[in-house]
Amino acid sequence: MDFHGFGHLCLVVSDYDACVAFYDQVMRHLGMKPYIIGHPIFCGWFAGEYMFVISHSAQAGDRFSQWRVGLHHLSFRATSRGEVDAFGAMLKQIGARIIHPPELGPFWPGYYSVLCEDPDGTRIEMNYLPKEGWDAVAAASKTITDGSGD
């Protein structure tokens, strides 16, 4: 079977109204369109065959922790460093808590990202990985799967 992407992603939020306002701006910036808005328990956006949903199911005042079972962070893929920069500028404009501005990271060659938190503290990233980075990922996988690394 071939991997065909994820059906949808649903985040459970505590501060529903603040998260709806935050994600509506973020998702629209990413080119996603709302398909459910105004529902008291959930709302969602889509682009092509991808859906993103937030659900008001957490207890009031609950905060996200990267160190509990479940999601560590959510990362959106960019096709250029310019897209990462534009996403970072939008986050700054809407007053998001920025953990680190657009910058090169140590993970893979050319890895470039911005990291912020939503109103509940969930970490949201956008990253760009150029061809040399994807080549390094493929080489690492090859080393694991067949031991050659070539």
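A pocket here is an open set of points on a 1 Å grid over the protein atoms alone, where a 1.4 Å probe fits, with protein on both sides within 12 Å along at least five of seven lines; lining residues have an atom within 4 Å of a point. Points are joined across faces, edges and corners, and volume is the space filled by probe spheres set on them.

The model is predicted, so local features need pLDDT of at least 70 and side-chain atom pairs 80 or more, while totals for chains, interfaces and linings use all residues. Residues are numbered from 1 along each chain as its sequence is written, and side-chain values use heavy atoms, without hydrogens or water.

The largest pocket holds about 920 Å³. It is lined by 23 residues, and Phe6, Tyr50, Ser75, Phe76 and Arg77 are the closest to its centre. Strand 5 gives the most to this lining, 4 residues; strands are DSSP runs of E, at least two residues, numbered from the N terminus.

Four strands form an open, mixed sheet in the order 5-8-7-6, where pairing takes at least two DSSP bridges between two strands. Strand 5 and strand 6 (97-104) each have a single partner strand, so one side of each has no neighbour in the sheet. Strand 5 pairs with strand 8 in the parallel sense over 4 bridges. Ser75 has Glu125 in strand 8 as its bridge partner.
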